[in-house]
Amino acid sequence: TRAAHGLNLAEKRIVMNAASKLDSRRVLKPGEVPITKISAEEYAETFGVSKDVAYVALKAAAKKLYERSITFYEPAWKRNGDPLEPTKVHMRWVGSVKYHDKEGWCELHWWPAVLPHLTGLGGHFTKYRLQQVSALRSGYSWNLLKLLMRFRSTGWADYTIEDFRVSMEIPESMSDFGQIRRRVIDPAMKELTGKDHWKIKLTTVKGAKKKIKALHFEFERDEQGQLFDDMEGIPE
């Protein structure tokens, strides 16, 4: 979830829905690639939109997912006892996509290398109440919630500015922290507070020349909230 996915809201919804359907316990046959089928009717019912909106969103998202890639870093081997810089990895989401215009469904043929990551998330995505997740309209809100949920057992989370920027998929053009807080952090916290009763407190940590170097979040959820009941956390 911390990889720079670059997905829009509709694409995030499709991936989340698909992950909830994949069975990590099923042994694949040699050369077999799991296929997830999602209909416009299912999309509309799950995410609380009209069928017309669902048709358009599903078609556009299916096409874009074929073009999307995941970017993340893997630890590299050491050389002469000295650690090397992490290896940057680019990986596709799907190897192929089918969409039937008149019938209003799409099939996602998952890229083989992404399956271990996707099925690993599946156990957590099944705990999402999908219809309630649909209340979130901002991709930044989704990303922030995922980052906080990694530390739900503690009620606090620390991130360096660099790590937070990559994990939240903040564009490089937004370099000033005041701008990041105004356009990303505050709106995301407001939406999570207003739509799912989260109480979130942000404390900034300053470094040299009083420049913000890290963020400290303290959070708890109102017992009346509905969105992520029984959710134990989300893996990286």
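Biologist: Where does helix α8 bend, and which proline follows?

Modeller: In this predicted model, helix α8 (residues 177–196) bends by about 30 degrees at Ile-185. A proline, Pro-187, follows within four residues of that position.

Biologist: Which residues of α8 are buried, and how should I read such a list?

Modeller: An α-helix has 3.6 residues a turn, so residues three or four places apart point the same way. In α8, the buried residues are Phe-177, Ile-180, Val-184, Ile-185, Ala-188, Met-189, Glu-191, Leu-192 and Asp-196. These buried residues pack against α6, α7 (161–168), β9 and β10.

Biologist: What caps the N-terminal end of α8, and what phi does His-197 take just after the helix?

Modeller: The N-terminal cap is Asp-176, with a side-chain oxygen 3.1 Å from the backbone nitrogen of Gly-178. Just after α8, His-197 has a positive phi of about 60 degrees.

Biologist: Helix α6 was named among the packing partners of α8. Is α6 mostly covered or mostly uncovered?

Modeller: Helix α6 is mostly covered, with nine of its 11 residues buried. Among them are Trp-142, Leu-144, Leu-145, Leu-147 and Leu-148, and the polar residues Ser-141, Asn-143 and Lys-146 are also in the buried set. The N-terminal end of α6 is capped by Ser-138, which places a side-chain oxygen 3.1 Å from the backbone nitrogen of Tyr-140.

Biologist: Which strands does α6 lie across, and in what order do they stand in their sheet?

Modeller: Helix α6 (residues 139–149) lies across β8, β9 and β10, and runs at about 80 degrees to β10. Those three strands form an open sheet with the order β8-β10-β9 and antiparallel pairing. Strands β8 (156–160) and β9 (198–206) are the edges, each pairing on one side only. Between neighbouring strands of this sheet the average turn is 20 degrees, direction ignored.

Biologist: How many bridges join β9 and β10?

Modeller: There are nine bridges between β9 and β10 (residues 212–221), in the antiparallel sense.

Biologist: Why does Thr-71 count as buried, and with which side chain does it make a polar contact?

Modeller: A residue is classed as buried when its relative accessible area is under 20%. Thr-71, in strand β2 (residues 69–74), counts as buried because its relative accessibility is 18%. Its side chain makes a polar contact of 3.0 Å with the side chain of His-90.

Biologist: What does the secondary structure of the chain come to, and what share of the residues is buried?

Modeller: The chain has eight helices and 10 strands. Of its 236 residues, 44% are buried. Among contacts with a separation of 6 or more, 63% join residues 24 or more positions apart. The accessible surface comes to about 13400 Å², with 51% belonging to carbon and sulfur atoms.

Definitions and conventions:
Residues are numbered from 1 along each chain as its sequence is written. This is a predicted model: local features need pLDDT of at least 70, side-chain atom pairs count only at pLDDT 80 or more; totals for chains, interfaces and linings use all residues. Side-chain values use heavy atoms; hydrogens and water are left out. Helices (H or I, at least four residues) and strands (E, at least two) are DSSP runs, numbered from the N terminus. Buried means under 20% relative accessible area, exposed over 50%, partly exposed in between (1.4 Å probe, protein chains only). Contact means heavy atoms within 4.5 Å. Accessible areas come from the Shrake-Rupley method with a 1.4 Å probe; for residues, only the protein chains shown count as cover. Two strands pair if DSSP finds at least two bridges between them. Axes are lines fitted to C-alpha atoms, for helices over the stretch in contact, and angles run from 0 to 180 degrees between N-to-C directions. The bend at a residue is the angle between axes fitted to the seven residues ending there and the seven starting there. A polar contact is a pair of N or O atoms within 3.5 Å; within protein, one must be able to donate a hydrogen and the other to accept it, and residues adjacent in sequence count only if both atoms are side-chain atoms.
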